[in-house]
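Open the model in your viewer and keep the selection tool at hand. The tour moves from stop to stop and says what to select at each.

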Amino acid sequence: VGEPSDQWQEYRGAPTGTDIECEGWRQEAALRMLNNNLDPEVAEKPEELVVYGGTGRAARSWDAYDAILAELRELDDDETLLVQSGKPVGRFQTHEKAPRVLIANSNLVGKWDDWDHFHELEAKGLIMYGQMTAGSWAYIGTQGIIQGTYETLAELSEQHYPDDRGLEGKIVVTGGLGGMGGAQPLAVTMNHGVCIAAEVDEARIDRRIETGYCQEKTDDLDEAIEKAKEAAESGEAYSVGVHVNAADMLEGMLERGFVPDVVTDQTSAHDELEGYYPSGYTVAEADELRDEDPERYVEESLDTMERHVRGILDMQEEGAVAFEYGNNIRGQVQDHRDVADAFDYPGFVPAYIRPLFCRGKGPFRWAALSGDPEDIRRTDEAVKELFPEKDHLHRWIDLAQERVEFQGLPSRVCWLGYQAGDDEDSLTERARFALRINDLVAEGEISAPVVVTRDHLDAGSVASPNRETEAMKDGSDAVADWPILNALLNCAAGADIVSVHDGGGVGIGNALHANNHVVLDGSDLAEEKARRVFTTDPGMGVVRHADAGYDEAIAEADESNVAVPMRDR
Ligand code: NAD
């Protein structure tokens, strides 16, 4: 990728305030969000352009990064910039209501759609791994996933421990304290539980401790188990990062006869070469092995994954609640090792999230382009005022204010859905909130525009058979028309940035997914765009799940007047 660019060294994060470098706020928002992705507080390895999730990058090379910034500064209000795998490749006159930036990352033609071809093309400088929100400039640090992790664990505790005490007294064992996985200890403690998380890279544990996501660290598994048990017995929330390979940790626990209440994992297992660490090496030794002998690295990495999955299955056998947390570790060992029962434990979407997707509910996020935390505080108030009946949402916002530190641009996440009701003029939850923010910007109560975006992991925006679309009711898991329709519809509705990627979360060839950004600058144009995008986008979740035959989605379509042609087919 070359040496970090001088411009990046100067920015080291998003520019803030009300003066802009670009021709308009839509272009400026793209420039700020790209730089926010690469803020050293936000990104995992910004000097390599890596934002999170293994090698998820924001731009293909430092030259491409410089070129994107130059294009954005020149881009007119009626032009659209094309970004192909992190490199600007074209600029066309379109019109004011069209997107300002269109992004396609990591996409390959079906027969070539695997890591081998990807790596070949990457080595030639022709493609980039965009993960989900890395290459689409929507990553906001670990705070971006925290609510999703919190909600997943809350739903798990409701299903398995329906005593209203959340995870109190329960021990959750997991692995991976990277950009996304780092949210796990805090999400567990927010649910009053105890978390033991394995992480091979001590610097990552330190980072989570510094930012308040994890409480303690140790090299000693006995100490970790002891302290976890004590905390669970006294009903205290507690988290500890254990500096160890996750596969070794699970085996060590089983040897000691220790079985946690819940077991999962968020190491970067989707990428056996550049994401997951094989057992038997320090991080430095493994990094050296990867450079010197990548084939051996991959074999040892997959061997460790096999032991890792076996450990999870054994714990499940002993009574632990097990689920895969979206890193495709089951798919990896099923495809590359002879593990026929890898899918005997479920993925988190069918287990805990799908009912929300049926209602168009997903992770809606927004960032204050001013850089002023006060602007987010005002949006926190606004969302609570707008939905006074949603106790759960109020609790989340209070907890987030108290416990989640901002990284880079002040931002917030909350799960909002369609739920418009059947009045002709009624708006979806997402649209109501976006329009309220737009009004607050127009009234000067918020000091600069706010950009609203979301994860690619959303209700109607992903085809990912081992994750978001695992075990769909009608068997449509691998049908990838949906995310493509979602991206096209986002363009038609006038989102300001629209992207479509391959491979995020689960690795090349395993998923297609799309996302959008809308810049709320207080204008009528922003209102028009927000009204449309935040209806059509969650609406895709409703129609996708109604088409697959989910009762909740059909009920949502009926209640909210969403047209689903041929629904009684
Ligand atoms: P990351 O690359 O930033 O972090 C992964 C971490 O795992 C690193 O700190 C690495 O040192 C550690 N690690 C790797 N192998 C290990 C091993 N064998 N034992 C212990 N630690 C090990 O990735 P991330 O952004 O945290 O994402 C983690 C995984 O979760 C990815 O596969 C990603 O695609 C997936 N993911 C899931 C969701 C979700 O909603 N569930 C969202 C985003 C990402």
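Helices (H or I, at least four residues) and strands (E, at least two) are DSSP runs, numbered from the N terminus. This is a predicted model, in which local features need pLDDT of at least 70 and side-chain atom pairs count only at pLDDT 80 or more, while totals for chains, interfaces and linings use all residues. Residues are numbered from 1 along each chain as its sequence is written, and side-chain values use heavy atoms, with hydrogens and water left out.

Select leucine 49, in the loop between helix H2 (25-37) and strand E1 (50-52). Leucine 49 is buried at 0% relative accessible area; buried means under 20%, exposed over 50%, and partly exposed in between (1.4 Å probe, protein chains only). Its phi is near 65°, a positive value in a residue other than glycine. Most residues other than glycine have a negative phi.

Next, select tryptophan 137, in the loop between helix H4 (115-123) and H5. Here phi is near 60°, again positive in a residue that is not glycine. Tryptophan 137 is buried, with 0% relative accessibility.

**Leucine 167**

Move to leucine 167, in the loop between helix H5 (143-160) and strand E6 (171-175). Is leucine 167 buried or exposed? Leucine 167 counts as buried because its relative accessibility is 0%. Show its contacts (heavy atoms within 4.5 Å): leaving out residues up to four places away in sequence, they include Leu153, Tyr161, Val172 and His192. Ser157 is also touched, and the C-alpha atoms of leucine 167 and serine 157 are separated by 6.0 Å, with the two residues 10 apart along the chain.

**Histidine 456**

Select histidine 456, in the loop between strand E14 (450-454) and strand E15 (462-463). Histidine 456 is buried, at 0% relative accessible area. Beyond residues up to four places away in sequence, histidine 456 touches residues including Met132, Thr133, Ser499, His501 and His513.

Select leucine 485, in helix H17 (residues 481-493). Leucine 485 is partly exposed, with a relative accessible area of 43%.

Finish at aspartate 293, in the loop between H10 and helix H11 (294-317). Which class does aspartate 293 fall into, buried, partly exposed or exposed? Aspartate 293 is partly exposed, at 30% relative accessible area.
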